Amino acid sequence: MGQIPNPQQPAATRATGPARGSVPTSADVARLAGVSRATVSYVLNNTSAVRISEPTRRRVHEAARELGYVPHAAARSLRAGHTRIVLLPTPEVPIGPLYSGFLNEFQWALSRFDYTVVQYGSVGVVGDDAARAWAELRPVAVLAPVGMGQRGIDILKRSGAKAVITLGPEPVAGAHALLTDHREVGRVAGEHLLEVGRRRIGVVMPREEGLDVFAEPRLAGVRETGAEVVGIPLAYDEDHAAQVAQQVRELGLDAVFAYNDEYAMLLMRALQDTGVDIPGEVAVIGADDLMLGRLLRPRLSTVHVALPSGQELAELVDRLVRDPQSEPEVRKVLGASLVRREST
């Protein structure tokens, strides 16, 4: 790409980019775009207080891309008095496509607000130690995982975090809470199975470490319906699924809530391989409403789990960063609804 001309600037004064090998600066971007350094700062820092025309914004962004210029995060943090880092601790438990998609949307939306998203891996570091490790990065906001206590929240706030948001079943004092009560998922599945005449329900409990934080509430939700419930440990493994399929028959179960769609598909295939008729002999229902469940035969009944949109959560983060003294909010953000198909 060649230089971006400014019609209002004489050709003789248009400057070239930085010398080969040197680090491009905002002054280089300003010269190439034909604007002031202040304008470059306003555009690249996404400042809303100053009105910049759309053509000028495009010229600045194009010049920055051509030169390979990116703002200096540390310098910008010094000017602002805080970083633009939003920290997302890397989950220590396997997350399915539903949560993965939610986190991807959240990160994309945050980038539109000019935040830098950092995923922090802290395997084996939990509680206050994890909070101290995260605090070293001086994040302006943290989406804290399940299990973060009030002391950890205080550590993060003392390090300069303006917004700490927890995502879990219970609120934590001092933090904004997005409540995700997975009992509702189990309740919806259990009520549906009772409605279609099933009385002895197996509930899959994944053996994979860490998933109990979601599986236990889902089991409790099925039990709250009054159904006769049997917990069934299941590893995400074909050989073990074959063993559990035999166990389903031996226990006389007439339905299975399989924790989520992935475990449901695994167990349903194993049940069919042993000659079990679905749904005639055993009804099967999953959760998360994955596309693959619609491709099975019979098509998989499921519980559609609704999470907040990534855009909505990014807007909350931005608002809390701008107003860190606001009172902590508690919102219920997990919804659950039945999607009935042929497997039940």
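Helices (H or I, at least four residues) and strands (E, at least two) are DSSP runs, numbered from the N terminus. The model on display is predicted: local features need pLDDT of at least 70, side-chain atom pairs count only at pLDDT 80 or more, and totals for chains, interfaces and linings use all residues. Residues are numbered from 1 along each chain as its sequence is written, and side-chain values use heavy atoms, with hydrogens and water left out.

The subject of this tour is the salt bridge, defined as a side-chain nitrogen of Lys or Arg within 4 Å of a carboxyl oxygen of Asp or Glu. The whole structure contains 17 of them.

First, select helix α1 (residues 26-33), where arginine 31 and aspartate 28 lie three residues apart, about one turn of the helix. Their closest N and O atoms are 2.3 Å apart, and the two residues form a salt bridge. Aspartate 28 is buried, at 6% relative accessibility (buried means under 20% relative accessible area, exposed over 50%, partly exposed in between; 1.4 Å probe, protein chains only). Arginine 31 is partly exposed, at 38%.

Next, select helix α6 (residues 127-135), which holds aspartate 129 and arginine 132, three residues apart. This pair forms a salt bridge with its closest N and O atoms at 3.2 Å. Arginine 132 is partly exposed.

Then select aspartate 289 and arginine 341, a salt bridge with its closest N and O atoms 3.0 Å apart. Aspartate 289 is in the loop between β9 (283-285) and α12 (292-295), while arginine 341 is in the segment after β12 (335-339), 52 residues apart. Both residues are buried.

Finally, select Glu312, Arg319, Glu329 and Arg331, which salt bridges with shared partners join into one network.
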